[in-house]
Amino acid sequence: SATGNTILGEEKFSTDSSFISCTSKPQKESCKHNGQIFEVIDTPGLYDTSKTEELVKRDLKLCLEMTSPGPHMFLVIMSVGRITEQEKYTLKYMSEMFGDEDFLNHTILVITRKEDLDPERNSDDEDDDYDVSDELKTFIYDSEDLTRIVKQCGDRCLAISNSGLVHSSNRRGEAQRIIQSAYELIDQNKGVCYSNFMFKELKRRQEILRRENEFREQRLTE
Ligand SMILES: Nc1nc2c(ncn2[C@@H]2O[C@H](COP(=O)(O)OP(=O)(O)O)[C@@H](O)[C@H]2O)c(=O)[nH]1
Ligand SMILES: [Mg+2]
């Protein structure tokens, strides 16, 4: 959610001060960069323990339905210090749902709390655009799971910091970097957005099942 706000340049998605995910419903907002409109959808956390897997999947489907004809990019957000067992499975989980290759071809891994990659750095440092590429590499290659995830995403990995106010130069700079990556990804995919063919197929089957159930219930009440 914080990353979404960074892109929007406004505090539109609610963020939680704790580590507990507080986004419960998909939310769509838009913003303008370089004269172009960007729509950003904040998805609820995939591993919200108060929700069943079915509910989480339903919400994710809702998110897809909010884009037309489909999203140009998925940002999979992980956080330095919060890469839990579950998050390592996020990509697997989402791939299962959205289809492997097409999904991954539209995905960028975003690692937040980049300031924690370099704890020695003075946080009062005025330089917002500090380079953590070496620390990021070490961070990724220290973990087999992360290495695999980054590879799956075609080496698209961005470390950003959402610290400070949403209008701060730090966050405006990070928004620019994300938008830049978006342009590069859109270019790589020749402007073709994620095709929700698999998703449509899933919906079609669910619809058939629903009708069958309806029909059965109707016969029972007759
Ligand atoms: N210092 C710092 N805090 C962050 C960063 N990204 C998110 N946070 C904070 O972490 C908490 C949870 O973030 P949120 O975006 O709501 O989590 P999510 O929606 O579940 O991914 C909030 O208090 C955010 O302000 C970051 O890059 N640096
Ligand atoms: Mg959230």
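Modeller: What follows goes from the overall layout to the sheet, the core, the hairpin and a few single residues.

Modeller: This is a predicted model, so to speak with care: local features need pLDDT of at least 70, side-chain atom pairs count only at pLDDT 80 or more, and totals for chains, interfaces and linings use all residues. Residues are numbered from 1 along each chain as its sequence is written, and chains are lettered from A and ligands numbered from 1 in the order in which they are written.

Biologist: Fine. How many helices and strands does the secondary structure of the protein chain come to?

Modeller: There are 9 helices and 5 strands, where helices (H or I, at least four residues) and strands (E, at least two) are DSSP runs numbered from the N terminus. Read from the N terminus, the order of elements is α-β-β-α-β-α-α-α-β-α-α-β-α-α.

Biologist: And what share of the residues in the protein chain is buried?

Modeller: Of the 222 residues, 24% are buried; a residue is buried if 20 or more other C-beta atoms lie within 10 Å of its own, exposed if 12 or fewer, and partly exposed in between, with C-beta atoms placed from the backbone. As for contacts (C-beta atoms, placed from the backbone, within 7 Å), 62% of those with a separation of 6 or more are between residues 24 or more positions apart.

Biologist: On to the open sheet, then. What is the order of its strands?

Modeller: The order is 3-4-5, an open sheet of 3 strands with parallel pairing, and two strands pair if DSSP finds at least two bridges between them. Strand 3 and strand 5 are at the edges, and since each has a single partner strand, one side of each is left without a neighbour in the sheet. Ignoring direction, neighbouring strands are turned by 25 degrees against each other on average, with axes being lines fitted to C-alpha atoms, for helices over the stretch in contact, and angles running from 0 to 180 degrees between N-to-C directions.

Biologist: How many bridges join strand 3 to strand 4?

Modeller: Strand 3 and strand 4 are joined by 6 bridges and run parallel; Leu-75 has Ile-108 as its bridge partner in strand 4, and Ser-79 has Thr-112. Strand 4 and strand 5 are also parallel, over 3 bridges, with Leu-109 opposite Cys-157 and Ile-111 opposite Ala-159.

Biologist: Is strand 4 enclosed or open to the outside?

Modeller: Strand 4 is largely enclosed by the rest of the structure, because 5 of its 6 residues are buried. Strand 3 is mostly covered, with 5 of 6 residues buried.

Biologist: Which residues have the most contacts inside the largest nonpolar core?

Modeller: That core has 27 residues, and those with the most contacts inside it are Val-76, Leu-109, Val-110, Ile-111, Val-150, Cys-153 and Cys-157. A nonpolar core here is a set of buried Ala, Val, Leu, Ile, Met, Phe, Trp, Tyr and Cys residues joined through C-beta atoms within 7 Å. Strand 3 gives the most to this core, with 5 residues.

Biologist: Staying with Leu-109, what does it touch?

Modeller: Not counting residues up to four places away in sequence, Leu-109 touches Val-76, Met-78, Ile-149, Val-150, Cys-153, Arg-156 and Cys-157.

Biologist: Changing topic, what do strand 1 and strand 2 form?

Modeller: They form a hairpin with 2 residues between them, and they run antiparallel, joined by 7 bridges. Within this pair, Glu-29 has Val-40 in strand 2 as its bridge partner.

Biologist: Last one: where does Asn-5 lie?

Modeller: Asn-5 lies in helix 1 (residues 2-8), and it counts as buried because it has 22 C-beta neighbours inside 10 Å. Asn-5 and Val-166 are 161 residues apart in sequence but 6.8 Å apart in space, C-alpha to C-alpha. Beyond four places in sequence, the contacts of Asn-5 are Glu-10, Glu-11, Lys-12, Phe-13, Thr-15 and Val-166.

Notes:
Contact = placed C-beta atoms within 7 Å.
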